[in-house]
Amino acid sequence: MHPPCLSVRHLLCCRSALALLALAFTTAGCGADDRAPVPPDPGPTEACAPGEMPLDGGGCQPAGLPPGHTAGLPPDMPCAPGEMPLDGGGCQPAGVPPEACGQSFGPDGRGGCTPILPEDTCPPGRMAAPGDTRCYEVAPCGSGDYGSIPVEATTQFVNGAYPGSDSDGTGARPWKRIQEGIDHAATGAIVAVAAGTYAEDILIQRRPVRLWGRCPGLVEVVGTGAELATVLILGRSANASEIHAIAITGASIGIGTSGAIDTVIDRVWIHDTQGRGIDSASDLGTTTFTVFGSLIEAATDIGVTLFATEATIEATVVRDTQPNVDGMFGRGIQVEHSDHRRSALTLRTTLLERNHDAGMVVLGSDATIEATVVRDTQPRQSDALHGYGISIEYDHATRERSDVTLHSSFLEGNHVHGVAVHGSDATIEATVVRDTRENGDGTSGAGVAIQDDGERASVALRSSLLEQNRGIGMIVRGSDATVEATVVRGTQPTSDGTNGHGVVVQDDLDTHERANMTLRSSLVIENHDVGVFVSASDAAIEGTVVRDTQPQLDGSRGYGIAADWADVEAQSRATLALRASLVDRNHSAGVLVLGSDATIESTVVRDTQPLRTDGVSGHGLAVQDLHERANVTLRSSLIERNHDAGVLLVGSDATVEATVVRDTQPRRGKGIAGRGIALDRNLTTHERASVTVRASILERNRDMGISVSSSDATIETTIIRDTESRESDGLAGYGILVENITETRDPASVALRGCRLEQNHMAGMVVFDSDATVEDTVVSETQPVSDERGGYGIYVEDDPATDERAGMTLRRSLVERNHIAGVIAFSSDATVETAVVHDTRPNRRDGTFGDGIVLISREGPSAATITSTHVESNARAGVANFSAQVLLTSSTVQCNRIDLVGESFLADQPFSFDGSTGNICGCGDTPEPTCPVLGALLSPPEPIHPVEPR
């Protein structure tokens, strides 16, 4: 753009305005003879008045929004953005509904739930499951040798402290070893164990028994390591075996089971085993078991393992699982496919804490997780990686997808991923994922990660809260996700000060598989860098609030929504569909589209803040080419109270329909810019911007309503009004600015049809070194700026540095109540047809000027063709010709102070009205049949130039 002009090139007072120092008469509109003039030919009857667009089916559409249209959120929305309509009526705010927290959790008042647990960590041997307020023994001990163990006729008693040698399993003569009691028990009989430490390996195989200790605090079985497990339950003959109230430890697995169904593990303390806590497999046949009220702590490798088995775990704690000798694993629970059989786990009201590598892994299997807490999972020791809360994985060996439902649960303080879904399926509802931490290598701590792994993952996330995660709140990579009524809040940057994204939708960096996400009725707030980031993928966002995205630590970025072209290798565009949403109080850009495609409908983008570092940017919608041209459709939307530019278009394409762009504010601390719509050519790629603005309103912006720099614009049936002057110097305030960029010498082009430009400041429309077509347009009430400079209706200027000419066509338009000049052209070409230019007012500061149409030649000539036009009631001249060539035909120039003025402003360039004919001048009841040209030594306005380049 041209640099600002703050010296002699701004408007000066007219040295001899209205001083009639000499008269030189010619005529315009008279033939060679003295015949009466031919009345102006009004041409065909216009179907529509200036400022209206003919409709295809007949009738006229006034400039502005079409009848029945509103800009902004749809008036018939059943719920506000960030709320989900309920089937029975009413609206549910995004986040976890309080009633979904359940008995084990309490509402936190911020759209989430907090687990009910003791504040302090429970010591070894004591536990608290979700819903408990204090730590307690795994099972009470009761009184007597056998406490509260049920006594039946078939009960076998065991007491290692019995001194006799005549054991028969009775209470008086108990067995000394547990295995003896099991071997002598009848089918389903209770084996009651008194206090003591029993160093043995136990096998339940020939028949089911109920092994029952007095309490885990007093009864402990210590495996020798000679067998696979301290307690083994094997085969169909052992179906329905039970283990109650006992402690298990040893040099191998705690409890192992295979081929037995309906095993019950109740209030058992499995601790400090050199192998897994519970290990189940289907090698010997179908295997099922239930764990209730138990504590599994400090096991090795994995706390609980399911290989092709089924289990229910409830009111249990699995904690402090240790890595194996290689520093790997240390997982809380693993649910795994094996031998072409899927495992299935139901997990309720359970606490998984301080495990390693992963709190829980589901591999090619199924799981339902309810009212469960997974927290503080640590990275594995071998390489300080991972530390996932829950990992749901595709099994490459068997090509089985996992399928998991996670409901009313809480994940906190895990590493890398709170919930990871790899090539599998998951439904996550009423769940909180918070404070996921990055690894030592700086890997982001995503709350929820959804990514392909040879197969696309697919996730439905509903009524949940993701907050205070590190790096990324949620990422969808090469996969599919539907997110509804969810809050993604307060994602923090990583330790290097980058990222902090709320939601990321991204192609797979290796396969370039596109991601696809629908985000509906949600809140994405108080994140960093980008609220929603879409890269080489597809996203639909509806009924959602994206708010208060903060810049990175270096003060950059802070976008609300960004749709980005992928890396050069992928060469893939993003697509964004944004509807009925609210994007506000973000930074740098509310919506940013780079080399990609976006459709934005019935959306509000407002209050975007400038960068903290230099006060620039703060655009509502920014669209720019990046390797490829971006393409955006903006429809029925409201863009308001942003900074620098409401809509910025660089080297790309856009269609703006039925949209209001208003109250754009200047750059912070600089007092310049504040444009409604700004088009720029990309100085690096040399791509021109191109926009069609149709049936829209641009109002109360600053500096310029629309600026077009070396680019192309078509403006139809649009109102441009109340443009304010800029704060820094009182200059500008144009309705429309069209210019070339001096460095490129590339003219801009604009077509303006059926529009209204009113109540602007300094200029209603300005064209520099460019081309413009204006039809059926109203340009009115342009006001001078604060220091009374400017106020032009339409301003057309060549480039004084390159002599690049501008061109403008004004057709079927109304230009009224402007200041200084209604239409002014410097060293350029103008065509005015079937227009009305009237009531141009003088400069308020000193009463000078006030011309209807002004043509001025400077370095090059100006030329104008004015046909079938009314130029009336202007304060000074109707048509002022300063060394220009004017052809005036079939027009009426009446009731101006001076109808026609001709001045030889340049010594070698005389003015000319040659060829003019058929015009009417004068005023009153008797129009003049001739149009005299008065030479009054009037001075033309000096040119002004627009704001500095952005």
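**Disulfides**

I count two cysteine sulfur atoms within 2.5 Å as a disulfide. The model is a predicted one. I searched the whole structure on that basis and found six disulfides. I wrote up three of them, going along the chain.

I took Cys79 and Cys91 to begin with. Their sulfur atoms lie 2.0 Å apart and form a disulfide. I read a torsion of about -90° about the S-S bond, so this disulfide is left-handed. The pair links distant parts of the chain, twelve residues apart. I placed Cys79 in the loop between β3 (60–62) and β4 (83–85), and Cys91 in strand β5 (residues 91–93). Cys79 has a relative accessible area of 6% and is buried. Cys91 has 32% and is partly exposed.

Next I looked up Cys141 and Cys215. A disulfide joins them, with S to S at 1.9 Å. The link is right-handed, with 70° about the S-S bond. These two cysteines are 74 residues apart. I found Cys141 in the loop between β9 (136–137) and β10 (156–158). Cys215 sits in the loop between β14 (210–213) and β15 (219–223). Cys141 comes out partly exposed, at 23% relative accessibility. The cut-off for buried is under 20%. Cys215 is buried, at 0%.

I finished with Cys921 and Cys931. Their sulfur atoms are 2.0 Å apart, and they form a disulfide. The torsion about the S-S bond is about 110°, so I noted this disulfide as right-handed. The pair is ten residues apart, with Cys921 in strand β89 (residues 920–922) and Cys931 in the loop between β89 and β90 (932–934). I found Cys921 buried at 1% relative accessibility. Cys931 is buried too, at 0%.

**Strand β43**

I turned to strand β43 (residues 472–477). Five of its six residues are buried, so the strand is largely enclosed by the rest of the structure. I looked for its partners. Strand β40 (residues 446–451) pairs with β43 in the parallel sense, over four bridges. Strand β46 (residues 501–506) also pairs with β43 in the parallel sense, over five bridges. I followed Met474 into both pairings. Opposite Met474 of β43 stands Val448. In β46, Val503 is the bridge partner of Met474.

**Positive phi**

I checked backbone angles next. Most residues other than glycine have a negative phi. I noted two exceptions.

Ala485 has a positive phi of about 50°. I located Ala485 in the loop between β44 (480–484) and β45 (487–489). Its relative accessibility is 1%, so I logged Ala485 as buried.

Ser883 has a positive phi near 60°. I found Ser883 in the loop between β85 (877–882) and β86 (885–889). Its relative accessibility is 0%, so Ser883 is buried as well.

**Cavities**

Last, I searched the whole structure for cavities. I got three of 30 Å³ or more. I listed its lining: Leu117, Pro118, Asp120, Thr121, Cys122, Ala128, Arg319, Leu351, Glu353, Arg354 and Arg375. I then sorted the lining of the largest cavity by class. It has five nonpolar, one polar and five charged residues.

Methods: Residues numbered from 1 in each chain as written. Predicted model: local features only at pLDDT ≥ 70, side-chain atom pairs only at ≥ 80, totals over all residues. Heavy atoms only, no water. Buried < 20%, exposed > 50% of the residue type's maximum accessible area, 1.4 Å probe, protein only. Pairing = 2+ DSSP bridges. 1 Å grid on protein atoms, 1.4 Å probe; cavity = no way out; pocket = protein on both sides within 12 Å on 5 of 7 lines; lining within 4 Å. Points joined across faces, edges and corners; volume = space filled by probe spheres on them. Nonpolar A, V, L, I, M, F, W, Y, C, P; charged D, E, K, R; others polar.
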